[in-house]
Amino acid sequence: MIWQGGQLGLLHSPRWGCYKFPGGVEPGEDHAAALTRELREETGAELLELGPCLLTVTELAPAQEPEAEVFQMGSFCYACQVTEAQHSPALETYEAELGLEPCWVAPQVAAQANAAALRQPGSPRWIPREIAVLRALAGQA
């Protein structure tokens, strides 16, 4: 969670009109290494300080893969401080297709935008998880 003046540092998808937290852990990475890498790749910023874990979310959903029945993912939301963007983002293919751009937005605004995006057919499957986190944070802004 990158807070600044009551707003969160998030990634905005103009394609869907929704917001996403930067993040993702590769096999063998600890959370600090993953956050350092993902912030640089997705926002161009550098991690200055990793604070406490503020929130943990476990997502359970039907699996899309035929060999599995359940999709389970844990999300760990840390308070952190970052530099201003110092590098050009290096987005993965799906992130570039979504047009993800770093931005500052109030959690309530992002939650409302994500709820609207969720009503669109074919919306990204991570939107419900982001809505839950944004609503939990809205009272802390």
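L134 is in contact with L8, L10, F21, P107, A110, A111 and N114, leaving aside neighbours within four places in sequence. The model that shows this is predicted. L134 is also one of the residues that touch the most other members of the largest nonpolar core.

**Nonpolar cores**

- The largest nonpolar core has 14 residues.
- M1, L8, L10, F21, V133 and L134 touch the most other members of this core.
- Strand 2 (7-13), helix 3 (107-118) and helix 4 each give two or more residues to this core.
- In soluble globular proteins, nonpolar side chains tend to be buried together.

**Salt bridges**

- The count comes to 7 salt bridges.
- E29 and R37 meet through their side chains in one of them, at 2.7 Å from N to O.
- R37 also forms a salt bridge with E41, where the closest N and O atoms are 3.2 Å apart.
- Both E41 and R37 lie in helix 1 (residues 31-43). They are 4 residues apart, about one turn of the helix.
- R37 counts as buried because its relative accessibility is 19%, under the 20% limit.
- E41 has 23% relative accessibility, so it counts as partly exposed.
- E59 pairs with R129 in a further salt bridge, with the closest N and O atoms 2.6 Å apart.
- E59 lies in strand 4 (residues 47-62) and R129 in helix 4 (residues 127-138), so this pair ties together parts that are 70 residues apart in sequence.
- Both partners are buried: E59 has 12% relative accessibility, and R129 has 13%.

**Cysteines**

- How many disulfides does the structure hold? The number is 0.
- A disulfide needs the two sulfur atoms within 2.5 Å.
- C80 is in no disulfide either. Its nearest cysteine sulfur, that of C77, is 10 Å away.
- C77 counts as buried, at 8% relative accessibility. C80 counts as buried too, at 10%.

**The largest pocket**

- The volume of the largest pocket is about 910 Å³.
- Its lining is made up of 35 residues. P22, G23, G24, M73 and S75 are the closest of these to the pocket centre.
- Which elements supply at least two residues each to the lining? They are helix 1, strand 4, strand 5 (70-82), helix 2 (93-98) and helix 4.
- Strand 5 gives the most to this lining, with 8 residues.

- Q72 has its place in strand 5.
- Is Q72 buried or exposed? Q72 is exposed, because its relative accessible area is 60%, over the 50% limit.
- Q72 touches T58, E59 and L60, not counting residues up to four places away in sequence. E59 is also the salt-bridge partner of R129.
- P62 is 10 residues from Q72 along the chain. The C-alpha atoms of the two are separated by 8.8 Å.
- T83 sits in the loop between strand 5 and helix 2.
- T83 counts as buried, with a relative accessibility of 16%.
- The contacts of T83 are A45, E46 and L48, with residues up to four places away in sequence not counted.

Key. Residues numbered from 1 in each chain as written. Predicted model: local features only at pLDDT ≥ 70, side-chain atom pairs only at ≥ 80, totals over all residues. Heavy atoms only, no water. Buried < 20%, exposed > 50% of the residue type's maximum accessible area, 1.4 Å probe, protein only. Salt bridge = Lys/Arg side-chain N within 4 Å of Asp/Glu carboxyl O. Core = buried A, V, L, I, M, F, W, Y, C linked by side-chain atoms within 4.5 Å. Contact = heavy atoms within 4.5 Å. 1 Å grid on protein atoms, 1.4 Å probe; cavity = no way out; pocket = protein on both sides within 12 Å on 5 of 7 lines; lining within 4 Å. Points joined across faces, edges and corners; volume = space filled by probe spheres on them.
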